[in-house]
Structures are given as C-alpha cells and as structure tokens.
Amino acid sequence: MQQPLWQELQVQSVSVPEETLPFLEALQHIYTNGGAELRAFTVEPHPLWLAHAAYDDLDRLGFPRDFLRLPSVLEALPDPQRIPDPSLVPSFFRLDEPLEDHLALRLISGGAYVACDRSAEDAEDEALAFCTAFLPGAPEEYTTYLCEEGWHGWLHDIAWDATLVVVNRMRGLVWVLMLTDMD
C-alpha cells in the first residue's frame, strides 16, 4: 500500500548543472544504441519526508520506487521507447560504493559496441567532476540507489540498463541517472 506521503509530496523538475554535460556526453558516446539521461528534482519539505530523511530511512516509505511513479517525475523522464512489463516491480538497492567509483567503472566498461576511449585515471577524474557538479553538501547527506532492470519504457531491458537515484535527504534534492544500450 502506498504511503499518504506520495499523494501529498510536491516535486518539481529542475535543470541539471552544465558541468555535468561532459561526463553525460562520454556516457552517451559509449551507449550509442541507447543513451544516458540525467534528471534533477526538488522535493518540498514535508514532515514525514523530513522525519525519515533525518534517519536515512526513506526506503521504508517506498523510496525510490514510489517517487519514480509520481506524475511530475514520470513526465520529466525520457520518453518511453517500449511498453515495459506492468507486473515488474523494480528492485532498487543501496549502492555501497562511492558514486564516482561506480560511474567511472561504468564508463571504463563501455557499452554494447563502443569501448571507452579514456584512461582509467581520466574516467575517474571525469566521474568525480560529474558528481561534484550535482552533489552539493557533505557525502553523508546522500544515499544512492541502483536498479539494473528495465522498469521504464526508455530502458531497453538489457544488461546495460541502470537507473541510479541519488537523494540529498536534508536538502530535498533528487537526481535520476538512466543508462541503457542494446546490441
């Protein structure tokens, strides 16, 4: 059953910082048959959100799954290319490694057909710059969730699918990075 919070929560789509574009373009280069899309959102203060955010306990409210179902969020996500399986309930888990390390590894690993043309050090530097551009505040304010299933119609439902949802719990900022490719 969906928490009342999700009917009351006010969420707005906001523009992503221009400093994120070089890394996004690098991801789009390797995911030539899919892409990389970043979306940003602000969450208006809500007592239930703030109470759970203070204890890094938003998962108990159904975050990020129910957040991604909000009409204002769905409207801002990339246009679907296919109809996903309606019975699929996406499984998000907490990323237990630094986000910049995870993203650097994804870039270095390449896509279905295109290899990364950067050194590991360059990929790490670019991933760190990307994260620094859109993650203001202290690292302990953030929680990152990962789903590698084709839960949304923009994703190709293939091995390269990834959705990363990063939340700054105290500032009410949420970023959604979707990656996909196909062979």
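1. In this predicted model, Arg106 forms a salt bridge (a side-chain nitrogen of Lys or Arg within 4 Å of a carboxyl oxygen of Asp or Glu) with Glu148, and the closest N and O atoms of the pair are 2.6 Å apart. Arg106 lies in helix H5 (residues 99-109) and Glu148 in the loop between E4 and E5, so the pair ties together parts that are 42 residues apart in sequence. Helices (H or I, at least four residues) and strands (E, at least two) are DSSP runs, numbered from the N terminus. Arg106 is buried, at a relative accessible area of 11%, whereas Glu148 is partly exposed at 44%; buried means under 20% relative accessible area, exposed over 50%, and partly exposed in between, with a 1.4 Å probe and protein chains only.

2. Residues are numbered from 1 along each chain as its sequence is written, and side-chain values use heavy atoms, with hydrogens and water left out.

3. The structure holds 11 salt bridges, and another of them joins the side chains of Asp56 and Arg169 at 3.6 Å, N to O. Asp56 lies in the loop between helix H3 (47-54) and helix H4 (71-76) and Arg169 in the loop between E5 and E6, so this pair ties together parts that are 113 residues apart in sequence. Arg169 is buried, with a relative accessible area of 7%, while Asp56 is partly exposed at 26%.

4. Six strands form an open sheet in the order E1-E2-E6-E5-E4-E3, with antiparallel pairing; two strands pair if DSSP finds at least two bridges between them. Strand E1 (11-14) and strand E3 (93-94) are the edge strands, each pairing on one side only.

5. Within the sheet, strand E5 (residues 162-168) deserves a separate look, since seven of its seven residues are buried. Ala162, Leu164, Val166 and Asn168 point one way from E5, and Thr163, Val165 and Val167 point the other way. Six bridges join E5 to strand E4 (residues 142-147), with Val165 as the bridge partner of Tyr145, and seven bridges join E5 to strand E6 (residues 173-180), where Met178 is the bridge partner of Thr163.

Key. This is a predicted model: local features need pLDDT of at least 70, side-chain atom pairs count only at pLDDT 80 or more; totals for chains, interfaces and linings use all residues.
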